[in-house]
Amino acid sequence: MCQDFCVFRIQEQVLNKACLSLNSLSHRSGIATLFLPRQCQDGKATEIFEVHNVAQTARRSWFLGGSEVISDGKLLILTRVDPTFLLIPILQAISPVNTAQGNYRTADDIFEDGATKLAALHASRGDSFDTSDRTSALDILQLCQYESVRQLMGNVCECKVISSELICYRFSRPKLLEYLKKKIDRLGRSALVQKSRTLNRELAKDGLLEVTNEALLPMGLIKIACDLVGQYVSPEVQAEIMETYDFSLLDIHLKQIQDDVTIATKEVNRVKNGKLNNNTEEKKRKASQTSTGVEKLKKANINGMSKLSSFFKKTSEV
């Protein structure tokens, strides 16, 4: 049984010696990412963990065992990922551009061809992997060596068993969409989504947690699940998945909320502008008003009177 989570403490010298078997592979819309393979306790299956580097917004340290302090507060988070998502860009790279189906090929042939084409694609776009295109190709070939990964080819491929030792595969777009839909539907029904405070805030913002919108909540959960799974596939595949669901009632509801927010914002701005204009007019009115004494001085006869400035003139010497 594979563990749900793992905690590693990696010494700096281990990273410098490259003792960890990290693979640089492509997923999340073609972005190169580091992955760490790990053999499960049963010794048969291989887990794949995605490596996330948590940036330091401020200086921090680690306290270990109550007595040890590590001044370097770097944090790497390893999250387990379904290796099927790593197979998708490889299979798409070798699939025909048009709607025609490709030929059945062995897993070795698929991985070798996919590694070459993906390396050339990244090089042409100027976003090759951290080390070199050859290294990225080797990483893809390394992924093919894990038997548990090979067994997942059937999730998104049509399979043809030639013999007990030879199986050929052909990438299938319908099987890919079917596999992703199963993940989305399972995730949409999962209690984990509703337990997430971040996702709950999203649902609350859309008014889907209100009793009156109870009927729209399941579809709201499915849409969130589509967004989550969509982070691991290309935008084109995500768009295809979204088209398989009917979000029309949910879209009407969300548009109504957006319209209400727009109207409320305009009303607030109108009130603010009205108060600002009223304050401006009030200041102008007060500025234009003068006291009774000043008005009487304006009407006084000042003919023959010396100006105030004349008292400060320098007198001429006799």
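Predicted model: local features only at pLDDT ≥ 70, side-chain atom pairs only at ≥ 80, totals over all residues.
**Entry 1**

I began with the strands. I found an open sheet of three strands in the order β7-β9-β8, with antiparallel pairing. Its edge strands are β7 (105–106) and β8, each of which pairs on one side only. I noted for background that strands of a sheet pair through backbone hydrogen bonds, either parallel or antiparallel.

Next I went through the pairs. Strand β8 covers residues 157–163 and β9 covers residues 166–171; they run antiparallel and are joined by six bridges. The link between β8 and β9 is a hairpin through two residues. On the other pairing, β7 and β9 are antiparallel over two bridges.

Which residue in β9 is the bridge partner of Lys160? I looked it up, and the partner is Cys168. I then checked Thr106, and its bridge partner in β9 is also Cys168.

**Entry 2: helices α9 and α10**

I turned to helix α9 (residues 217–230) and its packing on α10. The angle is about 160 degrees and the axes are 10 Å apart. Angles over 145 degrees count as roughly antiparallel, so α9 is roughly antiparallel to α10. I recorded the crossing of α9 and α10 as right-handed.

Which residues meet in this contact? From α9 I listed Lys223, Cys226, Asp227 and Gly230, and from α10 Gln238, Ile241 and Met242. By type, the residues of the contact divide into three nonpolar, two polar and two charged.

**Entry 3: Glu240**

I stayed with α10 and looked up Glu240, which lies in this helix (residues 235–243). Is Glu240 buried or partly exposed? Its relative accessible area is 26%, so Glu240 is partly exposed; the cut-off for buried is under 20%.

Leaving out residues up to four places away in sequence, I found that Glu240 touches Arg173 and Leu177.

**Entry 4: Lys183**

With residues up to four places away in sequence not counted, Lys183 touches Asp82 and Phe85.

Terms used. Residues numbered from 1 in each chain as written. Heavy atoms only, no water. Helix = DSSP H or I, 4+ residues; strand = E, 2+ residues; numbered from the N terminus. Buried < 20%, exposed > 50% of the residue type's maximum accessible area, 1.4 Å probe, protein only. Contact = heavy atoms within 4.5 Å. Axes fitted to C-alpha atoms, helices over the stretch in contact; angles between N-to-C directions. Parallel < 35°, antiparallel > 145°, perpendicular 65-115°, else oblique. Left-handed = near helix turned anticlockwise from the far one by under 90°. Nonpolar A, V, L, I, M, F, W, Y, C, P; charged D, E, K, R; others polar. Pairing = 2+ DSSP bridges.
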